[in-house]
Amino acid sequence: MNFYKTLINGEEGLFKSETLTPMQKLTLRFVVVGLIYFGFVVTEGMLMRLYEVKPLPFITEPQFFAILTAHPLVGIFGSTYSIVCGAFLFLVPFLMKKPLWSIKLGNWTFILIAAGTFIFWSAGFISHYAPLYTLYWPLPADFSQFSVWGGTFFIVGIAMVMVGTALFIINIFKTITFTPEGWEKQRTGPLLSSALGITGFNNLFRKNKKEHLVPLPVAAVARGSVDMALNTVVILFTGVLILVYMVGSILGFDLKETAIDALLYKNWFWWGLDLIADGLVLIFVAGTWYLLATLITNKPLFMQNIARAALLVELVVSWTVWSHHLLSDQAQPAILKVVSGEMVTAFELITQGLAFFITLATLWSARPLKMTNPLKFLLGGLLGFALAVPAGIMQADVGLNRILHNTQWVVGPHVHVAILVGLTMTLYSAIYILFPILTNGAKIYSQKLANVHFWCHLTGGIGMGAFMGMAGLNGMLRRSIYSNGEFNVYMILAALSGTLILIGFLSFFYNIVMSVGLKGVLGIFSPSRIKTKDLLPAQ
Amino acid sequence: MVDSNMVLTGQTIAYTIYCIVIILLVVWFARKVTDKGKGKGVKPALFYTFVGFLTVLGVSLHIITYNTIPWSKVDLNRSDYKPDKAFNITVKNHQFYLPSEKMVINVDETVLFDVKSEDLTYGFGLFREDNSMLFQMQVVPGHRNDVLWKFDRPGIYSIRSTEYSGPKGALMIVRDAVEVVSKNATN
């Protein structure tokens with residue numbers, strides 16, 4: 001097949017979008033949109049990195065900070081949430097061997113996340129609304145610096161994403177507990193108990209172990225979804241609070257900003273936000289590792305009961321760690337700093353280390369394995385978290401935080417390595433393993449490009465984190481601009497690493513487009529011709 | 001005397017060694033797991049040992065830093081210490097309002113910086129002439145923001161806001177605002 005034909009029809013013309021079920025199309029739409037938003041994030045990251053080296057003439061300072069505000073939100077909601085929601089809306093019914101409770105609700109989740117992200121991104125792009133994702137009170141309501149209309153659209157966009165997320169959570173729990181037509185009635189209580197890990201936890205102390213009604217990866221999704229639900233409530237509430245001030249300003253009333261206590265707000269906000277960073281990410285990732293390890297090896301998971309119990313512990317840990325973000329806030333009570341900020345946070349080393357070990361032990365039990373794309377990206381993801389979690393534990397220390405807080409150390413070796421290497425490589429592993437299932441047997445166009453993707457992403461991600469970390473240890477702050485080139489050596493090296501990530505992403509994107517063809521990509525977005533609730537087409 | 005530079009050097013060495021070890025471990029695993037041979041299960045004892053190791057590591061990190069980083073204890077028990085000098089600083093409209101143009105401190109003095117914000121959330125950090133950080137804290141409106149610091153060597157420090165407070169926040173720098181002089185110099 002020549003280049004042109006492959007570009008239009010995909011590798012060997014194997015991908016035929018008209019054979020896809022509504023569920024396959026829904027999942028693929030999520031993945032495509034998630035990857036497009038990842039492209040936004042990589043481009044924004046590169047622009048900011050170049051700006052840190054030398055201010056670019058076509059970007060003003062307020063625009064730089066607007067990009068800085070949108071960058072993590074587009075990454076988390078537009079890209080990661082899209083891919084994660086798409087994958088889990090497919091995998092939960094797939095593993096439970098029953099249909100999704102509501103495809104319609106799944107479609108609404110897709111529309112709300114995709115459109116909501118575009119709205120808040122555009123609001124930031126046009127109006128330069130830039131209170132950062134931290135929204136430290138009263139900055140988001142400081143209308144002497146930011147446009148009230150821009151802010152209103154920004155918050156509405158975020159709210160849409162949160163509503164989409166809420167619909168996803170409802171769909172997941174209903175799928176776990178509902179009884180499909182023609183099935184024997186399923187009892188909700190035992191299913192929920194298994195999904196939330198209570199059965200697994202009790203099994204640790206029982207002689208006669210109870211059967212697990214819900215597969216382990218589904219239990220991880222359910223438990224991560226609890227954090228996701230709480231986070232949605234916190235962000236929606238915060239959004240409404242900010243909107244009250246915005247609507248007040250539009251109507252000509254200046255509401256008193258001091259009515260809100262800045263420290264209490266910070267505690268509330270970080271409690272909610274950490275349910276993403278330290279809750280659902282770690283739990284979802286652990287669940288995904290377990291799923292990938294069992295799919296790659298075809299073997300049962302090592303220490304399954306412990307893994308289930310650990311997910312329950314992680315859930316409780318994620319509710320009580322937020323204070324590590326307030327170690328530099330001197331009015332924060334010392335007891336909260338030590339217990340929540342240091343001690344409970346250190347538990348994440350144990351829960352994540354445990355997931356790391358269990359995954360490796362499961363893989364080990366099936367050796368020799370073939371170094372496939374899912375396996376190599378899974379190992380990359382494991383390495384990413386193995387590097388990033390200890391970096392986070394270090395900064396969650398009263399003494400070290402005094403000299404690390406808000407430096408590039410926090411956002412480099414911890415945040416970027418966790419997200420870019422740990423989380424994203426895990427998601428890539430899932431995409432590579434699901435690709436033939438979701439496309440009814442389409443082939444990857446080029447293994448060489450997949451290898452380029454892997455090595456560029458891995459070395460670029462670790463390199464970027466390392467050079468940002470070095471800059472941070474030498475005093476470079478995050479969320480700031482150094483116009484005299486004080487940290488240029490590190491920023492140039494980080495930019496080169498970022499270029500590797502960009503090359504890796506472009507290789508991957510090109511590889512996927514060539515695998516399914518342009519006709520196939522467009523076909524994903526047309527309505528499915530097959531009217532079925534089944535996940536896969538009948539053979 | 002241990003200062004922030006020394007602490008960060010220790011951290012850099014420890015974390016770099018850790019990174020090299022974990023990368024080599026994953027590379028070794030990747031080679032071994034694809035090598036010829038039969039898969040054997042991992043013994044649970046190894047797993048429990050690993051969990052025990054992580055527990056000891058997680059707890060001991062904070063015990064070690066509490067006992068070796070000089071400002072950790074002071075920071076958690078600030079009210080028990082009497083400062084040799086205190087500076088009251090106000091922040092408003094992205095500006096630091098200092099008690100004097102230059103705040104002069106003697107070597108070995110323990111100084112209290114009490115910083116009050118009248119509008120937004122800011123940061124307060126002292127930076128050396130090579131741009132490395134001496135210390136920082138958050139400055140939250142409506143709350144007391146104070147940090148106690150013992151200066152053990154002469155130096156000149158700039159103040160910089162360490163928290164984002166809008167685009168203007170990046171310009172919140174007061175160059176050479178703090179000077180630490182040896183006792184002989186003031187005599």
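Buried residues make up 32% of the 187 residues in chain B; a residue is buried if 20 or more other C-beta atoms, placed from the backbone, lie within 10 Å of its own. The model is predicted: local features need pLDDT of at least 70, side-chain atom pairs count only at pLDDT 80 or more, and totals for chains, interfaces and linings use all residues. Residues are numbered from 1 along each chain as its sequence is written, while chains are lettered from A and ligands numbered from 1 in the order in which they are written.

Chain B has 4 helices and 9 strands, which are DSSP runs (helices H or I, at least four residues; strands E, at least two) numbered from the N terminus. Their order from the N terminus is α-α-α-β-β-β-β-β-β-β-β-β-α. The C-alpha trace of chain B spans about 75 × 40 × 30 Å along its principal axes.

Chain A meets chain B through 67 residues, in contact with 64 residues of chain B; contact requires C-beta atoms, placed from the backbone, within 7 Å. H11(A) gives the most to the chain A side, with 13 residues. That side divides as follows.

| Class | Members | Residues on the chain A side |
|---|---|---|
| Nonpolar | Ala, Val, Leu, Ile, Met, Phe, Trp, Tyr, Cys, Pro | 43 residues |
| Polar | the others, Gly among them | 13 residues |

Terms used:
Two residues are in contact if their C-beta atoms, placed from the backbone, lie within 7 Å. A residue is buried if 20 or more other C-beta atoms lie within 10 Å of its own, exposed if 12 or fewer, and partly exposed in between; C-beta atoms are placed from the backbone.
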